[in-house]
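Reader: I would like to go through this structure step by step. Could you please guide me, starting with how its parts pack together?

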Amino acid sequence: MKKTLICASALALVAALSSCGGRDEAANNVAAEYDMNAMMADSGPFADAEMRMVQAMTTAVGVNAADSWVRKMIEHHRGAIEMSRILLAQNVTGHVADMAQQTIDKQTAEVAMLEKLVATGNPDPSSAALYQPAQMSMHDAMMAAKGSDISDSWVRKMLQHHKGAVAMSDIALANGATGAVRAQIEKTKAAQQEDIEHIEGMLSGQQPASEPAAPAAAAPAAKEKAPSAKPAPPKPAPEAAKPKPAETAEPKAPAAACTPEHRAAGHC
C-alpha cells in the first residue's frame with residue numbers, strides 16, 4: 001500500500017513537472033514568435049525577402065564545401081537583387097537608388113557566373129552545415145538593421161548582407177576550395193569588401209546615404225592653342241628688268257663719190 005502511494009505520488013509529480021515543462025515550452029514558442037513578428041515589422045518591406053533568402057540559403061546543399069558556397073551564394077545574391085528591386089519600387093532617388101541598380105546589375109551577372117560553377121554529385125549536408133552559423137548571424141543582423149527611412153534601412157541591411165558574404169567566403173577558403181571556384185570566391189570576397197568600405201563611409205558621414213554622390217570635378221580642359229600659322233615665305237622681289245643695251249646705230253655707208261659722168265646723168 002505504501003509503495004502504491006509512493007508510486008502514485010511520483011507519477012503525480014512527473015505529470016506536474018511535465019505539465020509545467022509543456023507550459024514553459026509553449027510560452028517560449030509564443031515569445032519567440034512574438035520576437036520574430038516584431039523583428040519582421042521593424043524590417044519593413046524587406047522582411048519577406050529576407051526570410052525567403054535565408055530559407056533558400058539553408059536548403060542549398062552542395063557536394064562539398066566549395067560547392068555549398070556556390071549554391072548558397074547564388075541564393076544570397078538573389079536576396080540582394082529582390083531587396084534592391086523592393087527599394088526601387090518605392091521611387092527613391094539619388095545615390096542610394098544608383099547603388100540599388102548597381103547591386104541588381106552586378107549580382108545578376110555574378111549569379112550567371114556562379115551557376116556555371118555548380119557541381120554535380122550527391123549532396124553533402126555536413127559541407128552545408130559549415131556555413132550555418134555565419135548564415136544565421138547575417139540573417140539576424142539584417143533583420144535587426146533599420147534606419148531613419150527606407151533608403152537608410154536598405155543601406156544598413158546591405159552592410160550586414162555583404163559582411164555575411166565575406167564571412168562565408170572565408171569559411172570556403174579555409175575548407176579546401178580550389179581552382180575556378182576558389183578564384184570566384186576570392187573575387188566575390190574582394191567585391192563585397194569594397195561595398196562594405198563604401199557603405200561604412202556613407203554611414204560615418206563621408207557620403208550621405210540620401211544624397212547623390214558628388215561627381216568628381218573634371219579637370220578643366222586645356223584650351224588647345226590654334227597652331228600658329230607659319231609666316232608665308234616672303235615673295236621674291238621681282239627681278240629688276242635688265243636694261244636693254246642701247247642699240248648702236250649702224251654707221252651709214254659713206255656716200256660714194258659722184259663722178260662727173262654720174263652727175264651728168266642725174267644720179268647724184
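**Helix packing and burial**

Author: The axes of helix 3 and helix 4 come within 9 Å and cross at roughly 155 degrees. Axes here are lines fitted to C-alpha atoms, for helices over the stretch in contact, and angles run from 0 to 180 degrees between N-to-C directions. Helices (H or I, at least four residues) and strands (E, at least two) are DSSP runs, numbered from the N terminus.

Reader: How are helix 3 and helix 4 oriented to each other?

Author: Helix 3 and helix 4 are therefore roughly antiparallel to each other. Angles under 35 degrees count as roughly parallel, over 145 as roughly antiparallel, 65 to 115 as roughly perpendicular and the rest as oblique. The crossing of helix 3 and helix 4 is left-handed, a term used if the near helix is turned anticlockwise from the far one by less than a right angle, with right-handed used if clockwise.

Reader: Which residues make the contact?

Author: On the side of helix 3 they include Trp69, Met73, Ile81 and Leu88, and on the side of helix 4 they include Val96, Ala100, Ile104 and Leu114. Contact means heavy atoms within 4.5 Å. By class, the residues of the contact of helix 3 with helix 4 divide into 14 nonpolar, 6 polar and 4 charged. Ala, Val, Leu, Ile, Met, Phe, Trp, Tyr, Cys and Pro count as nonpolar, Asp, Glu, Lys and Arg as charged, and the others, Gly among them, as polar.

Reader: Before we continue, what kind of model is this?

Author: This is a predicted model, in which local features need pLDDT of at least 70 and side-chain atom pairs count only at pLDDT 80 or more, while totals for chains, interfaces and linings use all residues. Residues are numbered from 1 along each chain as its sequence is written, and side-chain values use heavy atoms, with hydrogens and water left out.

Reader: Thank you. How many helices and strands does the chain have?

Author: The chain has 9 helices and 0 strands. Along the sequence, its pattern reads α-α-α-α-α-α-α-α-α.

Reader: What share of the chain is buried?

Author: Of the 268 residues in the chain, 31% are buried. Buried means under 20% relative accessible area, exposed over 50%, and partly exposed in between (1.4 Å probe, protein chains only). Among the contacts in the chain with a separation of 6 or more, residues 24 or more positions apart account for 75%.

Reader: May we turn to helix 4 and helix 7? At what angle do their axes cross?

Author: The axes of helix 4 and helix 7 cross at roughly 45 degrees and come within 10 Å. That makes helix 4 oblique to helix 7. This crossing of helix 4 and helix 7 is left-handed. In the contact, Val96, Met99, Ala100 and Thr103 of helix 4 meet Ser151, Trp154 and Val155 of helix 7. The contact of helix 4 with helix 7 has 5 nonpolar, 2 polar and no charged residues.

Reader: Is Ser151 buried or exposed?

Author: Ser151 is buried, with a relative accessible area of 10%. Not counting residues up to four places away in sequence, Ser151 touches Leu87, Val92 and Val96.

Reader: And how do helix 7 and helix 8 meet?

Author: Their axes come within 9 Å, and helix 7 and helix 8 cross at roughly 150 degrees. Helix 7 and helix 8 are therefore roughly antiparallel to each other. Residues in the contact of helix 7 with helix 8 divide into 12 nonpolar, 5 polar and 9 charged.

Reader: What span should helix 8 have?

Author: Helix 8 has 25 residues (179–203), so at 1.5 Å a residue it should span 36 Å, and its end C-alpha atoms are 37 Å apart, which agrees. The expected span is 1.5 Å times one less than the number of residues.

Reader: What covers the buried residues of helix 8?

Author: The cover includes helix 3 (65–88), helix 4 (95–115) and helix 7 (150–173). Among the buried residues of helix 8 are Val181, Ile185, Lys189, Asp195 and Met202. Just after helix 8, Gly205 takes a positive phi of about 100 degrees.

Reader: One last topic: where is Tyr131 found?

Author: Tyr131 is in the loop between helix 5 (125–129) and helix 6 (132–144). Tyr131 is buried, with a relative accessible area of 0%. Leaving aside neighbours within four places in sequence, Tyr131 is in contact with residues including Ser68, Trp69, Lys72 and Met168. Ser68, in turn, is found in helix 3 and counts as buried at 0% relative accessibility.
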